[in-house]
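The sequence and model are shown below.

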Amino acid sequence: MSFLDTNLRSLAQYQPLLAQALANAPGVAAPVTRADDGGCTLQHNGQWIASRRAPKREAERLIDNDPPKLGQPCVLLGCGMGYAILHALNRHPRSVVAVLEGDLALLRAVLDLHDFRQTIGAKRLLFGVPLPGQPLADALAPAVEDIATFGAKTYNHGYTASNRAYGELFAHYGEWAREVSVALQTSIAGAEIHIGNALLNVPHYLRSPSLSSLKGTLAGTPGVLVGAGPSIALNLETLQRYAPNACIHVVSTALKRMLGKKLPIATTNVVDYHHLSERYFSGIPATDAPPLLADATAHPKPLDAYSGVKIVEDSWIYRALFGDSVADHGQLGGTSSNVAHHGLNLLLYLGCNPIIFCGLDQAFSFHITHTPGTVIYDEALASVHRFSSFESQELFIITASEDRTDAGVDMYGNPLITDRQMSVSATTFEDIIARNSQTIFINGSEAGRQLKGAQTMTLAQAFERYAPKPVDLGRLTNAVKSASGSASGNTRGAEHLNAKRGELRALKGLLETALAHLKKSESTLVKQGAHAPGLAPALDAYNAAMSKNGGLYEILSRLASGDRLERRRLMVEASDPSLSKVEMARKQVRAQMAYLSALGAAMDIFDGMLERSIARFQSPASAMAPIPTKAATAAQDHTIIDAYIEIPEAGEMRDAFIGNESYSPLRLALNALLDHPRIRSVIVPWQDSLPLPVTDRRIRVVPPSAMPDSPYRSAAHSIRAWNHTGTLHGLQMSSDVATYGNARAILESLVAPLPGYVLVVPGSMGFLTPEIVGSLLDAASESNYSAGIYVGEGPLGLIPSLWDRESLEEVVANNLPAQLIFYHQSKERFWGKEFAYVPSAVKQCRRGFDLRARRDREFARLVASQMDVQNGHANLGAVAEAGSKNYDAWVGRFPRDLEVEITTRRDLHPAYLPSARDEYDMPLDVIESVAKQCADHRDSLNLTLGGFGDSLKHPRFFDIVDTLRPCVRALNVRTFGTALTAEVFERLAQAGVDAVTVRFGYWGREEYRDLNGADIFDELASRILSIRDGRLAQGRMLPLIVAEVVKGAMGDRTLIEFRDAWWSPVSWPHVASYRTYAGAVAPQQTIDLYPATRSPCLRISEQMLILADGRVPLCSEDASAIAGDVLGQSIADIWRGGKLERVRRSHAEKDYAREHKACGDCKAWCALS
């Protein structure tokens, strides 16, 4: 009997493409053979699909030897002869069965053999078959929640083992399973954020033009999707030349960069749920702003900041809230997990065909994350220092993740790496491409990962072939103009939301009644056993009310989606036939009670959301109220948090921290902490005749601890010194965190019940603000306190850290070296717990408000004098703004980073440096003069012995070190390593050197030889690594070994190998830009990195180079432009006088080329040597 037709009719209900493909597929060539156990098998493509004697028993053993748990889905690789499918379906009736099969002829034979129509119709049997227009994601969608809730049990038929196609299919399934797991968990974790954002966007939504009026307006028009991938830097000229030939859509991250290039942008979009996405849209004039398509759940701040037309697409949230009272605006539909997918779906919605990709690398091309000139690099600029270039920061970002993977090579053969998030993104693009088989897709990114289903060619070829002439976008422009939102939307929206609050509160009362009935039912079950009444009477009233408010229930169930999945799991457990009827009933009651309790909590959350959304409406209707602050009380969070303020020992820093009536950092810190009720107590080690500047019952004064500090914290200060200026952003915050607080003293001060977390405030903090404290507490609460340390991103002297108490205990138990914190933190792991970076809106501020150094204390006092801090509070944004305005004071009377070329000697001829000059050693009397001048600034001055020569080659090198070391805060020695031995390194350590930079140029034997003109790499690398390993084995952390390479085209091939070789607790891999030195060196860097916003050069603001003959260049980039000479002038006079001061003034006025022409188009202004 044949079952093929009935199975295909059932399959056509949800997989019509597969049903049609199977109907048209040829049958298997070989006849079906009957086996001894009554089953069938056949030989197909040279293999027996199942046992020739007992295919049924073979299939049963496959499942029974490793049975799924109750409710756990079964995933079969290959359909076999169908017996394993039947057995899994019959033996495990609560399990979904998914079959991965790419052979249509074989699958057709199985569907002809067995009757699966009921299980196919019930979507208990799914088929994952790769077909054009039907991605695996669509085929297996009904199993998503089951796989996320229970995991999946996988089974492989024997005939699939050696078949490459099945291996690729299973790998694709694995990618999909990881993707949906991440997506579902993100959806569960992000439900509150997404729904909250959508409610805050209601005013924008009600005034938004209708998206549906734009559908198909550009049918057949070429479209270009422009991302912010690194490769866009190679295609800007091509894109500008051909832009009139297509509808140009630019994603948010690239918008300002493309507007700066005067690109005719048709549309842009935003999906980000974080407020930091505001940076992509603020400050754009309305005349330049293209229409912005916003996902309903995007953060409202970008929409508030944007001056152009805002089109907010509809959402299930708005349908649930407004129903038919507001016309449906239309939704894009389609798969989307990031802003680029969303942009692609918009082009498809508009009807664009073909669609060309540009800047969609989907991998870390050239080992960087974004194209230069994007606002991402504005933030990175704040973290630049001698050991932290843009290139280094980018390399660490793409390699620190534990899930980094090889992505093959780009179209030019360059190696690529990626991570799970990027891989999932690429898979999603491929799914969108497969689903839209009538559209032509061309990948013209010219770098990055190739995408299945998209033709690969250069951008110029794509335009010449598919978009050779200008197009008219008038239909889109007119449609945007004609579509309009409701003028009375504000008033109607507020009224409607108020009505929803009333309905919600009525439901809350019914829910509480239902819970009371359930508690009574559970008590009755315990007392009366099987004679207990059923559950239905307890829930009737509540269910009846909920059925009338389906929209509200949908929102509430999403807010409690994690609990919904848990209830599903518990209800499956409750159906276990091995349980008694009483136990089944009790489990059902408890599952319902837990879920209703979660819904009650969801009601409270949603009520708060409605309140904040209503507050966004005000008169007149065109005005937009600011986003209200989310309320937080100690009652909402049961994790105990204490704060600990470290009081400096006697000295200038202590006096500055305690302060006076006009400016007291201690008072600011106390008030900022006491503003937050979630902090149980503020611990202050205090033994002073003067009272604290603030009194409060939550302040707990303890005697200063006699516990010894970690012997390694001084090493942390040495490393931290190199981040003397700038912002704690990303990886740079770690060296500062390592200096925060004596862990032994903090733990000694804690009382029972012990806190779960301690917010540590160092005594060097110039300004602690309530916003920063709140951001740390909110981040910890929202992530369910999963991190070991939470650190805010922001300027130095403003950022505390929130430590897990167990992590503090580990520091003490393991006597953890500061660099090891740096090392672990850079890997984003700390004893199995993550480091959490808590973003702030001011991390672009390259200023420090730290009290450790005299000049920074003076700067903090100056900033305080320009603000109103006498009331005991400071505002984060105001502090950063005031600091940024005081550029001249920040420059100071002396450089912060001084480099002295004590000799021009070197053994190599590196092509990445200017040609060698005549050998010359700086005289000792000149060095002594430099030392005397440095001594007055020793607490804020970092010194490097380097320049263009090899410092170790000076015949009086160690005499020089002995002379200079007492006069500076930190000392770095720069060398090419040819004279660096273990014995020399030990002498450097004894002399108090903090860091030794070894300049390799390129990493790798061939690369090093070609760049340096010497075949010594193997011996040199082995020797320096041996020194490093020996120091690590001895537990000796200083000097820190900084291995340095330059980012040139050839060196990119070995950057990952270089990073992996030197990433350790006692060494640091640094990547410097391949500089041209004002034309003295031929350019080799594929892509120069720089921020979106030009600002005064870092070198003329913070750094000075003294050449061996005493001359001082304007900056190290142009040694031919001389600003002064230390043989006849003081360092201070050169720093604040003459040429340097005039150039500095021209930069401050943004007239960069006025005093020195080379500054006009310089790309090195954003780097330190």
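How many helices and strands does the protein have?

## Overview

The protein has 45 helices and 36 strands, taken as DSSP runs numbered from the N terminus (helices are H or I with at least four residues, strands E with at least two). The model is predicted: local features need pLDDT of at least 70 and side-chain atom pairs count only at pLDDT 80 or more, whereas totals for chains, interfaces and linings use all residues. Residues are numbered from 1 along each chain as its sequence is written, and side-chain values use heavy atoms, leaving out hydrogens and water.

Of the 1169 residues in the protein, 59% are buried; buried means under 20% relative accessible area, exposed over 50% and partly exposed in between (1.4 Å probe, protein chains only). A contact requires heavy atoms within 4.5 Å. Among contacts between residues at least 6 apart in sequence, 74% join residues at least 24 apart.

## Nonpolar cores

A nonpolar core is a set of buried Ala, Val, Leu, Ile, Met, Phe, Trp, Tyr and Cys residues joined through side-chain atoms within 4.5 Å. The largest has 108 residues, and Leu-239, Met-258, Phe-357 and Phe-606 have the most contacts inside it. Helix 25 (residues 581-615) gives the most to this core, with ten residues. The core lies between domain 2 (208-483) and domain 3 (488-634), because both give residues to it; the domain bounds come from an automatic or database assignment.

Leaving aside neighbours within four places in sequence, Phe-357 contacts residues including Leu-225, Leu-344, Phe-429 and Leu-451. A second, separate core has 101 residues, among them Tyr-377, Val-384, Val-973 and Val-998.

Eight strands form an open sheet with parallel pairing, in the order 13-12-11-10-9-14-17-18. Two strands pair if DSSP finds at least two bridges between them. At the edges, strand 13 (310-312) and strand 18 (455-456) each pair on one side only. Strand 9 (residues 223-226) and strand 14 (residues 355-358) are joined by four bridges, and Gly-223 has Ile-355 as its bridge partner in strand 14.

## Cysteines

With a disulfide defined as a pair of cysteine sulfur atoms within 2.5 Å, the count is zero. The sulfur of Cys-352 is 4.5 Å from its closest cysteine sulfur, in Cys-247, which is too far for a bond. Cys-352 is buried, at 2% relative accessible area.

For Cys-1115, the closest cysteine sulfur is in Cys-1097, 5.5 Å away and also too far for a bond. Cys-1115 counts as buried at 17% relative accessibility.
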